[in-house]
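Dear colleague,

Please find below the structure that I am handing over to you. My notes on it follow directly after.

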Amino acid sequence: MPISERNIQLRMDQFTGHCRERRLTATPQRVAIFQELAGSCEHPSAEFIYQRVRTRLPSISLDTVYRTLRFFEDQGLIERVGSDGERARFDADTSRHAHFVCTVCGWVGDIPNPSDYSVPSPQPQAPYGVIHSVHLEFRGVCRKCNESVQAAG
Ligand SMILES: [Zn+2]
């Protein structure tokens with residue numbers, strides 16, 4: 001499901017508003033990188049974003065993309081998706097939702113409104129530190145990969 005122009009604009013407005021409030025400079029690199037994320041529901045990787053942004057800003061480095069993504073993450077503007085092993089993917093949709101990750105092809109899908117899947121925080125928390133958020137991730141084999149496995153068998 002592609003993101004509507006209206007929603008992309010909304011996300012960009014939130015981004016520029018956030019930068020203004022916190023007196024962060026919206027450099028051309030930051031804007032271009034955020035734009036890639038705002039216009040995507042594919043949960044792109046840093047490398048993918050880099051390849052896209054490079055066509056507009058040829059002097060940008062992969063390192064700048066990594067650093068900028070980490071900065072956005074620290075600012076709460078984006079979320080990191082996927083854990084272990086596979087390359088991290090990023091999501092400009094910071095509203096409450098869960099993810100489905102395909103362990104074969106790495107596809108990441110959104111699962112909206114996971115209100116039924118609330119996870120209780122460990123009690124007591126102290127031995128771990130301070131918990132800020134919970135990220136719910138369902139892992140398995142996506143429909144496409146599952147079909148091709150069945151076709152092959
Ligand atoms: Zn997502």
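Two strands are counted as paired if DSSP finds at least two bridges between them. Helices (H or I, at least four residues) and strands (E, at least two) are DSSP runs, numbered from the N terminus. Please note that this is a predicted model, in which local features need pLDDT of at least 70 and side-chain atom pairs count only at pLDDT 80 or more, while totals for chains, interfaces and linings use all residues. Residues are numbered from 1 along each chain as its sequence is written.

The sheet

Strands β4, β3 and β5 form an open sheet of 3 strands in the order β4-β3-β5, with mixed pairing. Because β4 (108–112) and β5 (137–140) stand at the edges with a single partner strand each, one side of each has no neighbour in the sheet. On average, neighbouring strands here are turned by 25 degrees against each other, direction ignored; the axes behind such angles are lines fitted to C-alpha atoms, for helices over the stretch in contact, and angles run from 0 to 180 degrees between N-to-C directions.

β3 and β4 run antiparallel and are joined by 5 bridges, with His99 opposite Asp110 in β4. Their hairpin has 5 residues between the strands, and Gly106 takes a positive phi near 85 degrees there. On the other pairing, β3 (residues 97–102) and β5 run parallel, joined by 4 bridges. Phe100 has Phe138 of β5 as its bridge partner, and Cys102 stands opposite Gly140 in β5.

Helix α4

Helix α4 (residues 62–74) has 13 residues and spans 18 Å from first to last C-alpha, close to the expected 18 Å, where the expectation is 1.5 Å times one less than the number of residues. Its buried residues are Val65, Thr68, Leu69 and Phe72. They cover an arc of only 100 degrees around the axis, which puts them on the same side of α4; the arc is that of the directions from the helix axis to the C-beta atoms. The face turned away from this buried side carries the exposed residues Asp63 and Asp74. Here a residue is buried if 20 or more other C-beta atoms lie within 10 Å of its own, exposed if 12 or fewer, and partly exposed in between, with C-beta atoms placed from the backbone.

The buried residues of α4 pack against α2 (28–38), α3 (46–54) and β2 (89–91), contact being C-beta atoms, placed from the backbone, within 7 Å. Gly76, which follows α4, has a positive phi near 75 degrees.

Yours sincerely

Key. Two residues are in contact if their C-beta atoms, placed from the backbone, lie within 7 Å.
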